Amino acid sequence: MRRLALLITVLLIITLTFTACGDMLLGVGTEDLLQAPQLSSSQRDVLKALTDYLGESIQLKYPRHGSFLSPLLFWDLNGDGVEEVIVLYTSTSLGKNVNIALMENEEGKWKFTFGTEGINTDVERVEFTQLHRDGSTQVIIGYTSLNLSDKYLEVYNYRDSTLQKQYEQAYSDYGLADFTGDGKNDLVVVSLNSQPGPVQITLLSSNGQAFEQPVVTSLDNRFTSCSQFAISSYRNGKSWIVLDGYIGAFLASEVLEYNGKLFVKYGLGTDVNVPTLSLRSQTDLTIRDIDNNGITEVPVVTEEIESIIDTERMYWVSWYDYVINQNRPTQSGIVDTYYGYFLRLPDSWKGKVSIEPTPDVHEWLIRDIQTGSVLLFVRILAQGEELTSNRTYTQAATIGNYRIFLAPTEKTTAAEKRTLIGGITILI
């Protein structure tokens with residue numbers, strides 16, 4: 001019930017976030033009412049110019065994910081210091097598929113210069129990047145259906161006030177990074193999960209002005225799908241792929257490095273097998289940047305904590321990036337899958353502490369195995385529930401309708417206390 005209440009709270013927040021009234025101008029529909037902020041004067045000017053050109057009202061189409069969540073995308077496409085605008089929309093005369101309008105400013109007035117039809121009814125996300133070395137700008141638009149089941153990306157190149165389509169591919173996810181070392185981004189595409197055969201990773205790079213033949217790498221045959229995908233980049237310019245996928249009913253992770261020709265598994269030729277090490281039944285426990293340094297880590301469950309009354313709730317977990325720190329964990333601690341959080345523990349505690357329940361059903365503790373001393377009390381209470389204890393608790397995190405309190409004892413050092421109080425990561 002607590003987990004259900006927590007999820008309901010999160011869903012309520014999302015619902016309230018997406019029900020603020022937007023602008024009714026120019027045939028903006030229900031989708032826009034759920035997401036649109038108040039339009040700026042520049043946006044209004046662009047929309048008026050477009051509808052005047054089309055001779056009809058339009059419905060704006062908002063990208064579902066990504067950094068660009070507006071249907072009016074302002075970007076300097078040709079590098080002259082003046083922004084052009086790409087408008088994502090549908091209209092009665094043009095049918096259900098998303099349409100793209102390119103609008104340019106000429107002598108202070110917006111003018112329609114190019115239009116084309118997309119390949120589905122909705123937009124999953126949009127990216128602006130430079131894949132070629134000639135200074136041109138590419139626009140990547142991921143199209144999808146209403147339920148996000150079918151996704152297909154197209155890469156457009158801006159040239160002479162038009163958007164020229166250069167590449168297209170079905171995808172479950174994609175990302176951008178400089179894998180080939182030419183100073184420009186490369187496009188990495190993960191195949192659709194519904195595609196027959198193994199999950200595939202496609203690398204699309206440029207020879208300067210055009211794309212090279214795509215390089216395709218197949219994942220371990222045990223993976224039946226990709227559920228999460230991330231690209232990590234280190235300060236030396238090295239980039240690599242981290243992903244989650246299903247092996248049967250279990251979740252596992254994979255780390256892929258580019259060797260100059262194709263992507264290869266991290267640890268190839270050694271006894272390190274990331275999918276096997278990371279295989280886990282806790283499907284809510286996914287890859288993430290656990291320490292917020294821009295590098296994605298893989299969770300490895302070492303064992304279940306059976307001393308807690310609720311079975312299959314708490315686990316010892318270590319997080320590895322495998323590339324920078326190799327086989328040394330970035331962080332280690334406890335995952336509470338019931339409430340959905342990770343509590344980082346000091347490195348010096350690893351293998352030396354135990355977890356025990358207390359007579360209070362809301363509380364548990366961590367004990368030093370060798371000395372028997374209690375090091376930490378953890379207490380979880382619902383919002384509005386009074387904290388009654390003779391211990392000195394500090395509220396360390398909030399998860400939906402619940403609050404997490406920590407009470408380090410006098411047996412912990414000041415550094416250990418800082419690690420504990422600042423060491424909670426919300427996983428849901």
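How many helices and strands does the protein chain have? There are five helices and 27 strands, where helices (H or I, at least four residues) and strands (E, at least two) are DSSP runs numbered from the N terminus.

**Before you look.** This is a predicted model, in which local features need pLDDT of at least 70 and side-chain atom pairs count only at pLDDT 80 or more, while totals for chains, interfaces and linings use all residues. Residues are numbered from 1 along each chain as its sequence is written, and side-chain values use heavy atoms, with hydrogens and water left out.

**View 1. Here is the largest nonpolar core, with 25 residues.** A nonpolar core is a set of buried Ala, Val, Leu, Ile, Met, Phe, Trp, Tyr and Cys residues joined through side-chain atoms within 4.5 Å; buried means under 20% relative accessible area, with a 1.4 Å probe and protein chains only. Residues with the most contacts inside this core include I334, Y341 and W364. Among the elements giving it two or more residues are β19 (314–320) and β24 (374–382). The largest share, five residues, comes from β24.

**View 2. Meet Y341 and its neighbours.** Leaving aside residues up to four places away in sequence, Y341 touches I334, W364, I404 and L427, among others. A contact here means heavy atoms within 4.5 Å.

**View 3. A101 sits in strand β4 (residues 95–106).** A101 is buried, its relative accessible area being 0%. Residues that A101 touches, not counting those up to four places away in sequence, include L50, V85, F112 and F114. The C-alpha atoms of A101 and V85 are 8.1 Å apart, though 16 residues separate the two along the chain.

Conventions. Buried < 20%, exposed > 50% of the residue type's maximum accessible area, 1.4 Å probe, protein only.
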